[in-house]
Every structure is written in C-alpha cells, then in structure tokens.
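Student: Hey, I've got a protein model open and I'd like to talk it through. Can you help me read it?

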Amino acid sequence: MSTLHSTINSLASEFAHSLLRAVRGASLEEILAETAPGHAGGGARRGRPAAAAAHTTQAAPARRGGRRLRRRTATDIQAVVGKMVTLLKSNKKGLRAEDIREKLHLDRREVPRPLAEALKKKLVTKKGKKRATTYYAA
C-alpha cells in the first residue's frame, strides 16, 4: 500500500511540475486564447473580457442577478464626483444620496465611492445620519 501511495504522490508531483512549466512557457495571448469562452477546451469565463473593458468609459448598466459592475478607473470616479458637485451646486437645498443617484442615472453601487471622495476633498458637505443624510456643495 505504501508503494502505491508513494507512486501516486510521485506522479501527481511530476504532473504538477510539468503543468507549471508549460504555463510559464506560454505567452499571455496563448493562455487567454485557451480560456476564451468560445474555445472548445475552455469553459465560460467569469468577469469581463480584457479588451472590451479597456475601451469603455461609462459604467456598465445594472444587470439582473446581482452581477458585478465593471471596475472603474480613478478618472471615471472623478468624473462622477464632478457631476455630483455640479448637481449639488444647482440644488441649494441639498440632495439625499438616492436623489443624486436617480438624477445622475447611476446604479446604487456606484454612488458611495464618489460621495466619499467628494467628502474627503471637501467638495461636498453633509448633514444628517443614515438615509436622512443630505449632501450640499461646499
């Protein structure tokens, strides 16, 4: 039994090392081609395709099923901060986060980070707590 166990361990180790050598020797393009959704050997990939994500500038629309939004760049976030500040300047009485979201046509998951950035940079002030929080242009 011990020889069978050691033989299996040896073969598994050898396989793992050979697999790592093959992957390390392959180019990134080869690896991506092998894992593409349409490739016969690869399954459905999760996440976003690298080429499509690199060329988009707007946040992906909200999807059913709770899927993740695309990763936003610092430039994307700053653009939303600018829009929020402009909106708040035109509303002297202030707005709640859900009003800001609605007026800027944002997904609910897109609002917290730009709001936090605007507060941190003191472009926006707030009064109240939780859902009663109202935001104002500084």
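Student: Okay, which residue does Arg131 form a salt bridge with?
Tutor: Arg131 forms a salt bridge with Glu98, and the closest N and O atoms are 2.8 Å apart. A salt bridge here is a side-chain nitrogen of Lys or Arg within 4 Å of a carboxyl oxygen of Asp or Glu. Before we go on, this is a predicted model, where local features need pLDDT of at least 70, side-chain atom pairs count only at pLDDT 80 or more, and totals for chains, interfaces and linings use all residues. Residues are numbered from 1 along each chain as its sequence is written, and side-chain values use heavy atoms, with hydrogens and water left out.

Student: Where do Arg131 and Glu98 sit in the chain?
Tutor: Arg131 is in the loop between E1 and E2, while Glu98 is in helix H5 (residues 97-104). They are 33 residues apart, so this pair links distant parts of the chain. Helices (H or I, at least four residues) and strands (E, at least two) are DSSP runs, numbered from the N terminus.

Student: Is Arg131 buried or exposed?
Tutor: Arg131 is exposed because its relative accessible area is 59%. The cut-offs are under 20% for buried and over 50% for exposed, with partly exposed in between (1.4 Å probe, protein chains only). Glu98 has 32% relative accessibility, so Glu98 counts as partly exposed.

Student: How many salt bridges are there by that rule?
Tutor: The count comes to 5. One of them joins Asp76 and Arg70, with the closest N and O atoms 2.9 Å apart. Both Asp76 and Arg70 are buried. Another one pairs Arg109 with Asp107 at 2.8 Å between the closest N and O atoms. Arg109 is partly exposed because its relative accessibility is 31%, whereas Asp107 is buried because its value is 12%. There is also a network: Arg96, Glu98 and Arg131 are joined by salt bridges that share partners.

Student: Why would charged side chains pair up at all?
Tutor: Side chains of opposite charge can pair when their charged atoms come close.

Student: Let's zoom out. How many helices and strands does the protein have?
Tutor: The protein has 6 helices and 2 strands. Along the sequence the pattern reads α-α-α-α-α-α-β-β.

Student: What do the strands E1 and E2 do together?
Tutor: Strand E1 (residues 124-127) pairs with strand E2 (residues 134-137) in the antiparallel sense, over 4 bridges. To count as a pair, two strands need at least two bridges found by DSSP. Val124, for example, has Ala137 as its bridge partner in E2. The hairpin has 6 residues between the strands, and Gly128 takes a positive phi near 100° there.

Student: What about Lys130?
Tutor: Lys130 is in the loop between E1 and E2. Lys130 is exposed because its relative accessibility is 80%. Its C-alpha atom is 9.9 Å from that of Arg96, a residue 34 places away along the chain.

Student: And Thr134, buried or exposed?
Tutor: Thr134, which is in strand E2, is buried because its relative accessible area is 17%. Leaving aside neighbours within four places in sequence, its contacts (heavy atoms within 4.5 Å) include Lys93, Gly94, Leu95 and Thr125.

Student: New topic: how many residues are in the largest nonpolar core?
Tutor: That core has 15 residues, and Met84, Leu88, Ile100, Leu115, Val124 and Tyr135 have the most contacts inside it. Helix H4 (74-89) and helix H6 (112-120) each supply at least two of its residues, and H4 gives the most, with 7 residues. A nonpolar core means buried Ala, Val, Leu, Ile, Met, Phe, Trp, Tyr and Cys residues joined through side-chain atoms within 4.5 Å.

Student: What is Leu115 in contact with, beyond its neighbours within four places in sequence?
Tutor: Leu115 is in contact with Met84, Ala97, Ile100 and Tyr135.

Student: What share of the protein's residues is buried?
Tutor: Buried residues make up 20% of the 138 residues.
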